[in-house]
Amino acid sequence: MHQPGCRRHRLGGGRLVGCVISRKELSFVFRIALITGAFVLGDEGAARAEPAAESAPPVKPPEVIEENRPPYPSEALIDRPSGDVAVTATVGPAGDVNGVELTHGIVPALDRAALNAATRWRFRPAERDGVPVASRVQLLFHFEPPPTIAAQPSAGTPSTPAVPSAPRQIAPVEPSASQPAEPSAIDVTVRGRREAASHGASDFEITVGHLAVIANQKPSDILQLAPGIFIANEGGAGHADQVFLRGFDAEQGQAIEFTVNGVPINEVDNTDGHGYADTHFIIPEVVKNLRVIEGPFSPHQGDFAEAGSADYQLGVVDRRLEISASYGSFKTRRTLALWAPENEREGTFAAAQLFQSDGFGTNRASTNASAMAEYEGEIGTHGLWRILGTAYGTHFQTAGVVRADDVASGRVSFYGSEDPNQGGDAQRYTLSLDLQNPSDMGVLAQQVFLTWRTLRIDEDFTGFLLDNQTFGQTYHPQRGDMIEQDYTAFTAGGRGSDKLVGRLLGRPQSIEVGYYARYDHTTPEIQRLRYGTQIPYAIDENLTTDIVNLALYAEVDLRPTRWLTLRGGVRQEYFDYNVLNQCATAGEFVQNAPLNQTCAPFDNSGPRLPTQRSTATALATEPKITALAQLSQPLTLTASYGIGVQSLDAIYITQNERAPFATITAAEAGMIFHEAYIPVDLSARAVGFYTHVDRDLIFNPLLGRLTQSTGTTRDGALISVRATGQWFDELASATYAHATYDQDGTLVPYVPSVIARSDSTVFGPLGRWRLRGHRFTGTAGFAVNFVGPRALPFSQTAASTLDLDASVSIRWSFLRIGLLAQNLTNARYPLSEFFYASNFNSRSEPTLAPTEHFTAAPPFSLLATVSILLDAESQR
Amino acid sequence: MKLWHGALEVVALLVLGCGGTTGGHLISMPLHAGGIARDVSQPFAFTTSQGWTVELDQAEVVLGPLYFNIDPPEPSVFRSGVVIVQATEQFVVDVLNPALQDVLGGADGETGHAVSVEIGFYTTAESYNDTITLPAPLAADGQQGTAYVAGEATKSGTVVDFAGRVQITNALVSGLNPIDDVSRVAGAVCDLTFTTTSGPLQLRVDPSHWFDQADFCSLVATSVDDVSDGGASDGGASDGGDGSVDTDTNAPASGPCAPTRGTVYAWTDTNPFNTEALAGLGGSVGVYDFTLGQ
């Protein structure tokens, strides 16, 4: 098949000829021109086909099913070579690439990339007289370097790493009766998003890939693949997870800036904690990558990026229609429908899931529904745009904490509950529109987003401790400490950037300027409920807030030498608070009043209105810089320094407060190793880090939320290794962290000192078995999670834990069956431990002194899943 | 797998052990209670601020729970501050016995310095459900008392024999005197530094101030007889005031009241003496002495 501009090439010693389409593309896109031909091999896999005779059996050449396009290797960006790399791939009768051979190379970096990519191609095998046979194909990879040197969409920007688009068309190979089919030229225009630039060794781009078999049940499973992350949850299935990262107890995400395709999900002034981030609305099957930057080292990172940032990047690589049904322990049921049309981009998909479970133990039932849909389209010849919509709702029960002495005495079971009235509801709706349009000068990106969020949580940490009688009041019985948190928020915002590229000192240099704007209108309210009812009797907090966060940043990407990259800039952050306290007199009372008056029209000085407004603004300057020194081909040393800020909870804002934010100072040094030992790809990282926060947040069980504390300092180290091959994928990491209070040097409680994790999968065809022409493929995964001893209050130490999960799945044609087992050893251990005073009437008299409380980790569970998949694999 | 877990734990513990602590410690200790140290061969006698000389034959009190607080209590609320140590079981103290007795359950909490202690009393008020089983004489004849006292009170020649229970009942509860206030000592003074090496917590109860506000004459049905009949026994009838001692009473002509000889006076929960004695039990200074043994 000839197309305009086609030039015929003879490559190597092969007879294959074909077309290389040379088309002028935008400077930042990559061209991959493929030439396929049918070197049909005999049973022994002969290298060349004999000239066809008139009586030769009909031959059908192999057809491409799955491509793997290599991005332009970063190690080649220094010299920026271009040209064609030809690879001869041997395709086995099963359609897999059994061997690759460099036929024509350019430079080692490009050659390696092409060889590595070729090993991952899959074909519908060649056939001779209807029988699959081995064959050889030549793949031609055309590399052209981008003029825009690795742009940096870190957490919070709408860009994702460069990923080849789906090919515009794949020309089918039509066999002739007497000779091998005329090879077709497959011209692919790669229209990708800006590739993320590294901000040091703690900048992790996590592709789930085959690890999905073991780490794809919840969005937090994916987050745990990042080094140093430990997930707990004391609030129930609909409550945000508690996240620990590098010495930070980020509670429900308050110290991590979470985004989904650049849409922020941290909730300002949430009643459970300022910065609360609930990722349960994300359907894990539509998560393509997760980018975690540990530390505030990128000018793209904004509010809440104390410990770092996590950006869930959505997309469905394996195009398909999938319907799955799962059933498992504790009557857990999940239904998923996923549609990712074949001829659309990875960013086009629609998915919906329904989930219900009785939960383990007592009072842990939950129900939720989530829907996510995105369309990714093209603007002009090189631009992209996306529109994303999400909807989510949940209702859940919570077991809450139990007292250790009640469990020891048998009053409450290990998986029981002190107060069965705990639980909550939540809804979330998001709409986002973003576009990215490259030009000759650079890349322009814009995004706008809207979010509506409601949340209600009932939690009881202290039982009957706090509702004390006051002198002069009419006697009231102990009404209980149940906290009801109600939160509603409307968020609107946008971000944008423009990157300009030029040359200086003979090397490409760039500068990017950008902005971020976010407005939140929230109504957080906290009440106390009479035990066993939904009747409130007191108000702890009742606010109406309007918060504006504006930011401007500039970042440069400089290459003073061939081996040194300096990447950094400055971000200026502006916060504007307008807080109306609807109940500023909460707790005031008058002697002989019948009961405590909530929001009383008086205070200690006399009559007044119960409302009070506070306003404050603040401006912070955050410099950030990263140096990358490539000492040799696979080894890069990095060093980073950054200042970050975190806005304060509106409840702490006082009139004209000058600096209503906490300041984070961080530094780290590390090493990045990446080498392709075809067919194994090996990468490793090692980092030493330091972080200081001048005003930290600590969980207060008496209030059921985070409260301000003094400054803290954290330091530690991590190591991470990932090895991927044709039949396996291994990701392992270990992190050490040490966190102390500046005031007295004591340890910050609850933070794990050591976190180690290993996720392993093996995959591939199950022998030569076939049924009706379709082979069986299998995937097995195994995960080990070790959490070292954790410092607890009062010099206590929580014991270390070791959690094992395993999963296996088998696929035949359109059918896949999977089984996931979690907590294989049925280990019984506290997932979260706290020490504070509570009174759940467990003794004849109230208990007012501190004691141990905990939430139980889930026991052993099984989940079986049956899936129907209509994709290229099912059509083979 | 256990080997790997153990190895990882050793490494992690070494790492954690080098890093410091979170500060403070949880502690627990025995609790011992008894009367003040004295010579038991001698009667226990004392003089109240009202001028009564009291000789106790029997005195028992039900105490608990105990809450040791780092702050003095706020006057506006019934329970405030931070409790660092508690003893949640109720116990009976024979305040005339100087031997310290072990209290079931002991005390537990955290290290720190306590300056006040909240002491609970046994109550039969309906809003409380004190479950301790009281021995006689604290519980008898269908009645249950916070304390039981028996003895003799003398003032200006008037001798009142008394025996009975100091009770906390619904009759004492009102808006101005809620049960939370009536049934406890809000903040008895103490000065205790709890450490990980602290010995047993010891409580000695001194009843010598229990009756500082009490008038024993409120137990007596009749008042002072205006004798004028030369002291003849007339059943207490007025005899014109001749100053002679009426042989029917224990009161001299000039005594505060005229109790009947040989009568042991008791009281009900509504008698002023009950409230006065209860106030004495609730004294914040000089009544309850807490120390930490070696």
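Me: Is B:Cys190 buried or exposed, and with what relative accessible area?
Reply: This is a predicted model, where local features need pLDDT of at least 70, side-chain atom pairs count only at pLDDT 80 or more, and totals for chains, interfaces and linings use all residues. Residues are numbered from 1 along each chain as its sequence is written, chains are lettered from A and ligands numbered from 1 in the order in which they are written, and side-chain values use heavy atoms, with hydrogens and water left out. Buried means under 20% relative accessible area, exposed over 50%, partly exposed in between (1.4 Å probe, protein chains only). B:Cys190 is therefore buried, at 8%.

Me: How many disulfides does a search of the whole structure find?
Reply: A disulfide is a pair of cysteine sulfur atoms within 2.5 Å. Over all chains, the search finds two.

Me: Which residue forms a disulfide with A:Cys583?
Reply: The link is left-handed, with -110 degrees about the S-S bond. The sulfur atoms lie 2.2 Å apart.

Me: Why is the disulfide of B:Cys217 and B:Cys257 left-handed, and what is the torsion about its S-S bond?
Reply: The S to S distance of B:Cys217 and B:Cys257 is 2.1 Å. Both cysteines are buried. The disulfide is left-handed because of its torsion about the S-S bond, about -80 degrees.
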